[in-house]
Amino acid sequence: MSVVHWRLLRVNPLVRSRHACFSSSAASAAMSPESSSPSSSVSEKSGSGSTGSSVNFPTRHSRSAVPPACLSIAQLNDLTEELLGAKPGSLYKYDNNIVPDESATAWKVADKAVQKAEFVIRGHAAQIPDTLWNRILRGNPMFENDATNNVSPTDRIATMHSIIQRLEEEGTMYMKMRLEVNSQLAVERKEDEESTAANAPKTTTKNEAQGDEEEQPTGFTLEDYASPGATVQMYDTILDSMALNTHADTPLTALPYLQRVVERYHHDGGIGQNLNEATVPTVMSFNTVLRAVANTPYTEGQEEVRDNALQVGFTTYDFMRHFVHRNSATYAYMMQIVAKYIPPSATRGNIAYGMWTQAKKEQVIDQMVIDSTIGAYTPSNGKDFDTWVEETIKDKGFENIPQKLRRNSKSRRHQKQSGIY
């Protein structure tokens with residue numbers, strides 16, 4: 001089993017993306033055509049891709065509302081084909097002779113393509129039963145269910161992956177273009193300086209004394225900041241979809257997405273420096289991986305599956321503290337992981353007890369944590385643990401848990417109206 005490598009990075013947990021969470025009123029608005037219909041927003045007509053089609057997608061919407069998703073199957077297929085069929089370098093529109101140097105300007109250049117990709121990825125996720133976007137949009141009268149085309153969740157996830165990769169490629173190409181253009185400008189400046197120096201009194205510089213063999217640096221690299229393109233919201237959406245469509249290798253296939261989120265966060269400055277909402281991890285970024293591990297199919301005796309699941313689960317749990325506050329969903333999924341992959345024993349009882357104690361300390365006890373904790377003690381881990389569960393947890397009910405132990409159970413949720421993440 002491969003060793004998981006992590007950078008010890010941290011982020012202010014108060015930094016939140018405008019797409020990362022939304023209010024219950026906004027979620028309710030998503031159930032109406034006025035908030036989710038593509039026609040309800042100012043739209044951009046798209047037709048620059050290889051398909052030559054012309055469809056509308058929202059490019060402006062309220063920061064307080066649920067981000068729009070593609071509800072039309074025909075539009076979803078057309079936009080997907082446009083994104084994946086577009087020639088390299090054609091998604092972002094900018095003058096090749098004027099490539100912005102700063103991250104914020106670069107993301108403005110990429111904005112329409114990024115919004116289109118997010119719009120399409122949400123649309124694909126909404127077609128997968130019980131995903132976050134399916135739960136939000138399936139009650140919308142304009143939502144079209146694509147069940148008749150027999151597109152499997154696995155195919156939807158593969159398509160989302162391809163779109164994310166396409167945005168990553170476009171971003172990399174942008175950064176290379178930026179480097180080349182600024183390198184050329186540096187050469188031109190150097191030629192101008194040399195031309196000016198030719199008419200000035202001759203002096204011997206240190207570089208000339210060394211044969212001027214060293215090329216002067218331009219000051220730009222490919223990793224000055226995270227390339228404009230793939231956003232945390234895209235990664236969160238695909239991980240949510242993967243968490244509901246698991247197989248034996250899901251822990252190891254989900255983890256690289258989270259690692260990429262961390263890497264891009266680091267490229268944008270990391271702790272105290274990264275103010276780019278598109279590259280700051282959310283609690284959903286981590287809890288989707290934990291949920292995927294908890295849902296991975298497992299039969300006793302599958303040691304490799306067990307070991308991979310436990311490694312990914314506990315590593316993800318441990319490193320959450322460097323990025324975001326753990327919440328109720330974190331501990332519920334960790335309890336499910338403990339119950340599933342560790343056989344009934346004093347070891348399982350002690351680990352579950354430690355998780356419960358930490359959840360109490362972070363004041364995130366809710367009914368989901370209670371139920372998952374009881375599951376970690378069923379079957380019995382021993383008489384002493386049975387007694388503790390009977391006296392402390394079982395049949396107590398969430399309403400009987402002291403307020404101080406559940407103070408953060410709702411405030412730390414990814415969505416205030418849902419405890420899934």
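**Close-up views of a predicted model**

**View 1. Tyr353, Trp356, Tyr377, Phe385 and Trp388 make up one aromatic cluster.** The model is predicted: local features need pLDDT of at least 70, side-chain atom pairs count only at pLDDT 80 or more, and totals for chains, interfaces and linings use all residues. Residues are numbered from 1 along each chain as its sequence is written, and side-chain values use heavy atoms, with hydrogens and water left out. Rings of Phe, Tyr and Trp (its six-membered ring) pair if their centres lie within 6.5 Å; planes under 30 degrees apart count as stacked, over 60 as edge-to-face and the rest as tilted.

**View 2. Tyrosine 92 and tyrosine 174 form one of the 10 aromatic pairs in the structure.** Their ring centres are 6.5 Å apart and their planes stand at 65°, so the pair is edge-to-face. Tyrosine 92 is in the loop between helix H3 (73-85) and helix H4 (103-126), and tyrosine 174 is in helix H6 (residues 153-198), so the pair ties together parts 82 residues apart in sequence. Helices (H or I, at least four residues) and strands (E, at least two) are DSSP runs, numbered from the N terminus. Both tyrosine 92 and tyrosine 174 are buried (under 20% relative accessible area; exposed is over 50%, partly exposed in between; 1.4 Å probe, protein chains only).

**View 3. Tryptophan 356 and tryptophan 388 form an edge-to-face aromatic pair.** The distance is 6.3 Å centre to centre, with 85° between the planes. Tryptophan 356 belongs to helix H13 (residues 346-361) and tryptophan 388 to helix H15 (residues 383-392), so the pair ties together parts that are 32 residues apart in sequence. Tryptophan 356 is buried at a relative accessible area of 3%, and tryptophan 388 is buried at 17%.

**View 4. Arginine 326 places its charged end over the ring of tyrosine 317.** The charged end is 3.9 Å from the ring centre. A charge sits over a ring if NZ of Lys or CZ of Arg is within 6 Å of the ring centre and within 35 degrees of the ring normal.

**View 5. A cis peptide bond runs from threonine 378 to proline 379.** Omega is near 0°. Proline 379 is in the loop between helix H14 (367-375) and H15.

**View 6. Aspartate 130 has a positive phi of about 70° although it is not a glycine.** Aspartate 130 is in the loop between H4 and helix H5 (132-137). With 34% relative accessibility, aspartate 130 counts as partly exposed.

**View 7. Glutamine 363, a residue other than glycine, has a positive phi near 60°.** The loop between H13 and H14 holds glutamine 363.
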